[in-house]
Amino acid sequence: MEALDLARWQFGVTTVYHFIFVPLTIGLSLLVAIMQTLAHRAKDPVRKDAWTRMTKFFGSMLIVNFGIGIATGIVQEFQFGLNWSEYARYVGDVFGAPLALEGLAAFFLESVFLGLWIFGWGKMSERVHLATIWAVALGSTLSAYFIIAANSFMQHPVGALLNPESGRAELDASQGSILSVLTNITALAAFPHVIAGAWLVAGAFLVGVASWHMVRHHNQAREAGLETEDGQVHHSMARDMYRPTVRFGVVFMLIAGVLLVITGDFQAKIMFEQQPMKMASAEALCETQESAPFSILTVGGPDAFSEDCDGVTHLIEIPYVTSVLATYDPNAELQGVDDLNAQYKEQFGETAPDIHGNEVAVDYRPNLFVTYWSFRLMIGLAAFSAILALWALWITRGKGEAARTSGSKAFQWFAVLSIPMPFLANSAGWVFTEIGRQPWVVHPNPLDPTVRLMTMQGVSNHPSWIVVTSLTAFTLVYGILAVAWFHMMRKAALKGVAIPERDPGTDEFDTPTLSFDY
C-alpha cells in the first residue's frame, strides 16, 4: 500500500476510535449536571439522596471516559504534522484557529472545572459545586463546536482566500475572516446534529445501565418474597432509585431523537447544495433523474459499489423521497453520480498533480459502497434506541404506588445490547461525511472554488514504512487503552448504587462517595 492509503487508514482508525468517547462525554456531562441539579432542588430527602447517588454513580463513569478521551484525542492534533504535512501547510492558517480556540477555551474550561467537581464534594457550597459540573458540560459542548467549525471548513471553505505567492489558504478580512469560519452555515447545520447524536449516546447509555440494575433489583425482591397480590414488586431500589433514572434517560433519548430528525433533514438539504456528489452517492443515484426515489436496498455486480455505477440495481425504493429530502419538491431533478463526475472533470480537470508532482487521472466519485451503506447504518442503528425508549416507557408506566418496574430478562439484555448502537451510528455518520467528500480533503465551495485541495495532495511526502510503523504503534496503544477503558467502565457500571442507610440519630442518609477505577 502507498503512503496515502496507509495515512488514510491511520487517520480513519484513530479518529473513529477517539470519537467513541467524545459523544458520551458531551452527553453524559450534561446528564450528570441535570441529575445533580435535581438533587440540589429536591425537597424530599429520599428523592435528594437518590439523585445524589445517581450523580456520583454516572459521574464516576464520566471521569473514566473523559480521561481516555484525552489520551486518544492528543493523537488527532499530531496527525496533521505526521501524515498530512502538506494539508497542514496549505490550510493550517485557517484550520489551526478553531483548533486553538478549542484547546485554549473549551478544553481548559471542561478539564479545570471537572477537577474542581471531582475534588470539591463537601468542600464547596452546593451551588458553587453545582456550577462546576455545568461548566464542564458547557466546555465539552463548546469544544465540539470549535471542532465542527474546523471540519466544516474542510466541507465548505469560507472566510479565506488563496495566496498565490505562498500557495496557502489564509484568513482574509474581505471574506469575513475567522468570524465566517465560526458561523459557517455548514457548521451551524452540523453542530446541533452532532450534539443531538451525543445526547442519544448518553441517554442510551444511562437507560441501558439503569435498566440492568432495575431488573436485577426487581428480581432479587421477587426472590425474597416481596411480590404483591397484583404481581408487582415494589422494591425501593428498583422503584425509587433506578426507575426514575430510566425514565429520565428515556425522555432525554426522545428529545435527542426528535432533534436528530429535524437537524438531519436541514443538514441533508445543505449537503445537496454544497456536495451533491456525496448525497448522490449516498443514494447510489447514478443517473440524473426527476422525482428521485429513496433507496432501501441496492445491490451491484462484482465491479459495482466501488467507484463505478456499472451493475448497480435498486431493489427496494420509496418514490419521490430523495427529491423531497433535497428540496421539499417531490418532482425536483437531482444530478446523478456519473453526470456530476463528468461535470467536475470539465471544471477541475481530468488529471491533477500528486504530492510528487506527477499528473494523475482523477475520478471525482467517492467509494459508492461505503458511502451508501454508512448512510443507512447511521439511520438503521438508531432504531435500537427507538425500540429501547418505547419499551422502557411501557414497562415503567404508572405513577405513585402504581409505578411499575420489570423483571424481564429479555428487556434487560436488550437494554445492554442497545448501549453500543448509537455509538456505532455516530461513527457511521462520520464515515459517511468523510468518505463522501473524497477525493477532496478540502472540498471546493461551489460559489468560490479557488480554495480546494485533493487528499492525494495533502499527504506527507515520506516512505510507506514510516506510516506502517506509526500505524502499528498507535493500534497497539489504542488496543491497550480499549481494554483498560472497557474494564474500568464495566466495573463502574456493575458496581451499581449502594443501598441507602439512615443514621438512627439524625434520620439522615449516609453520604455516598464518588469513586472511580484507576
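Mentor: A salt bridge is a side-chain nitrogen of Lys or Arg lying within 4 Å of a carboxyl oxygen of Asp or Glu. We are reading a predicted model, where local features need pLDDT of at least 70 and side-chain atom pairs count only at pLDDT 80 or more, while totals for chains, interfaces and linings use all residues. Residues are numbered from 1 along each chain as its sequence is written, and side-chain values use heavy atoms, leaving out hydrogens and water.

Trainee: How many salt bridges does this rule count?

Mentor: Side chains of opposite charge can pair when their charged atoms come close. Here the count comes to 10, and one of the pairs is E126 with K48, at 3.6 Å from N to O. That pair links distant parts of the chain, 78 residues apart, with E126 in helix 5 (residues 126-155) and K48 in helix 3 (residues 45-82); helices are DSSP runs of H or I, at least four residues, and are numbered from the N terminus.

Trainee: Are D49 and R53 buried or exposed?

Mentor: Buried means under 20% relative accessible area, exposed over 50%, and partly exposed in between, with a 1.4 Å probe and protein chains only. D49 is buried at 8% and R53 is buried at 3%; they form a salt bridge whose closest N and O atoms are 2.7 Å apart.

Trainee: Which side chain of opposite charge is nearest to E102?

Mentor: Lys and Arg count as positive, Asp and Glu as negative, with His and the chain ends not counted. E102 is buried yet has no salt bridge, and the nearest side chain of opposite charge is R437, 18 Å away. R437 itself forms a salt bridge with E434.

Terms used:
Helix = DSSP H or I, 4+ residues; strand = E, 2+ residues; numbered from the N terminus.
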